[in-house]
Structure formats: structure tokens, C-alpha cells
Amino acid sequence: MVQYSAARLDASFAALSDATRRGVLETLGRGEASITELANQFHMTLTGMKKHIAVLEEAGLVTSEKVGRVRTCRLVTSALADEAAWIERYRQRWALRFDALDEIVEDLKQRESGNVRKE
């Protein structure tokens, strides 16, 4: 069984819970951008964008580098692999449960119509 760091997952999902931060990740998925460019795109102050970037960096989703007066941000390409695996694990679990529920519903429909299914 794959082990996930609860603190890492919590930080990632907390970072992803904000629409602006999801938008920043989408933007950075197309290429690097400065904090100024991101702030302009999302119509917010530099201070506000820096706070969003700090949350994304803390979660390990984004890195930034300051060269001169410009801080450039990049998406960490492998950052969401653990989160995707965690989601997939639960998706599979729920898919199995829904499949079992479908069988029960189908069996009940057969019984109601008088056509009891034999196994």
C-alpha cells in the first residue's frame, strides 16, 4: 500500500482549495511567470499574490527564484503525483462500492418484476 504524508496532502489540498491558487497553477502549467505578471493577470496586489505563491511553495507545488528585482515562479511538474494517486485510490474504492450497489438494485428490480435472478 502506498503511504502518503498526511501533512503534505493537507498542505496540497488546502492550497488547491482556493480558486486563485488553482488559476495560478493553471497559468504556470503553460510556462513560468513573474509575480508581477501573475498579480496583473488576477487583478490583485503584489503582496496578495506573494501570499498565494507562499502557500503554493509551502505545499511544494511551485518554486520561485529571484533574479535581480524579478521573482519568477515555476510549476513543480511532479508535485501532484501523490495527490493524484491518493484520489485514484479512493476513486477505485468508490467505483467498487457503486458496482456492488448496482448489482443489488438490479437484483431488487428482478425480484419486483417476478423474475428472480439465479446465480
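Strands S2 and S3 form a hairpin with two residues between them, and Gly68 in the turn has a positive phi of about 65°. Strands here, like helices, are DSSP runs numbered from the N terminus (E, at least two residues, for strands; H or I, at least four, for helices), and two strands pair if DSSP finds at least two bridges between them. This is a predicted model, in which local features need pLDDT of at least 70 and side-chain atom pairs count only at pLDDT 80 or more, while totals for chains, interfaces and linings use all residues. Residues are numbered from 1 along each chain as its sequence is written, and side-chain values use heavy atoms, with hydrogens and water left out.

**Sheet**
- The three strands make an open sheet in the order S1-S3-S2, in which strand S1 (33-34) and strand S2 (62-67) are the edge strands, each pairing on one side only.
- Helix H2 (residues 19-29) packs on the sheet and touches S1, S2 and S3 (contact: heavy atoms within 4.5 Å).
- The direction of H2 makes about 90° with that of S3, where axes are lines fitted to C-alpha atoms, for helices over the stretch in contact, and angles run from 0 to 180 degrees between N-to-C directions.

**Aromatic pairs**
- The structure holds three aromatic pairs, defined for rings of Phe, Tyr and Trp (its six-membered ring) with centres within 6.5 Å; planes under 30 degrees apart count as stacked, over 60 as edge-to-face and the rest as tilted.
- One of them, Phe13 with Trp86, is tilted, at 5.5 Å centre to centre and 55° between the planes.
- Phe13 lies in helix H1 (residues 6-16) and Trp86 in helix H5 (residues 81-112), so this pair ties together parts that are 73 residues apart in sequence.
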